[in-house]
Amino acid sequence: MIVLALSVVCLVLLGYVLMGRLDRFLESGGFDAPRGCVKGVLVFVDAQRRLEVEDALQPYRTYLRYTGEPVPPEGLNCTVVFAASGRDADNILLCAQACKSYPARMIALCNQAQYRFIYRDYGVDCVASGMGEALEMLKLSLKELYSDDQGA
C-alpha cells in the first residue's frame with residue numbers, strides 16, 4: 001500500500017515538472033520559434049501598425065512576440081525590444097521596464113521630438129522619428145545580430 005502511494009506521489013511530481021517545462025517551451029515560441037537565430041523581438045505597436053511590422057520583417061527568421069500593454073511579459077527571453085506605438089509615454093514605459101528585465105537592444109519611435117532625451121536617459125539604443133525610420137533601424141539591428149550569430 002505504501003509503495004502504491006509513493007508511486008502516485010512520484011507520478012504527480014513528474015507530471016508537475018513536465019508541465020512546467022512544457023509551459024516554458026510554449027512561452028518561448030514552441031515549435032514556431034526559429035532555431036539557431038535571433039531569440040525574438042518584443043513588438044509593442046498600435047493595431048494599424050502591426051501589419052506594417054509583419055510585412056517589414058517577413059524575410060527574417062524572427063519570432064515576433066506582440067504585446068498590447070506597455071509592460072514586458074515576465075519570463076520572456078528576447079533579443080530586441082521594438083516600441084512604436086502612437087504614445088511616447090507608453091513607448092518610454094515599455095523601454096524602461098524592459099531595460100530592467102533583460103538585456104536587449106531597444107528601438108523606439110519618438111512621436112514628439114522634445115521627448116527624445118527621455119528615451120536616451122532610459123537607455124534606448126535607437127530612437128526614430130518616424131515609423132519608416134524605426135523599421136529600418138530594426139532591420140539593421142536584426143542584420144547585425146544575424147551576422148554575430150553566423151560568426152560565432
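This passage looks at the nonpolar cores of the structure and then at its salt bridges.

The model is a predicted one, in which local features need pLDDT of at least 70 and side-chain atom pairs count only at pLDDT 80 or more, while totals for chains, interfaces and linings use all residues. Residues are numbered from 1 along each chain as its sequence is written, and side-chain values use heavy atoms, with hydrogens and water left out.

A nonpolar core is taken here as a set of buried Ala, Val, Leu, Ile, Met, Phe, Trp, Tyr and Cys residues joined through side-chain atoms within 4.5 Å. Buried stands for under 20% relative accessible area, exposed for over 50%, and partly exposed for values in between (1.4 Å probe, protein chains only). The largest nonpolar core holds 23 residues, and those touching the most other members are Val41, Val43, Val45, Val53, Phe82, Met131 and Leu138. Two or more residues of this core come from each of strand 1 (41–45), helix 2 (47–56), strand 2 (64–66), strand 3 (80–84), strand 4 (105–109), strand 5 (126–128) and helix 5 (131–151). Helices (H or I, at least four residues) and strands (E, at least two) are DSSP runs, numbered from the N terminus.

Once its neighbours within four places in sequence are set aside, leucine 138 is in contact (heavy atoms within 4.5 Å) with Val41, Leu57, Val80, Phe82 and Ile107. Another core, of 18 residues, lies apart from the largest one and includes Cys78, Ala104, Cys110 and Val124.

Attention now turns to charged side chains. Across the whole structure, 4 salt bridges are found, each being a side-chain nitrogen of Lys or Arg within 4 Å of a carboxyl oxygen of Asp or Glu. One of them joins arginine 50 and glutamate 54 at 3.3 Å, N to O. Both residues belong to helix 2 and sit 4 residues apart, about one turn of the helix. Arginine 50 is partly exposed at 37% relative accessibility, as is glutamate 54 at 28%.

Arginine 105 and glutamate 144 form another salt bridge, at 3.0 Å, N to O. Because arginine 105 lies in strand 4 and glutamate 144 in helix 5, this pair ties together parts that are 39 residues apart in sequence. Arginine 105 is partly exposed, at 23%, and glutamate 144 is partly exposed, at 41%.
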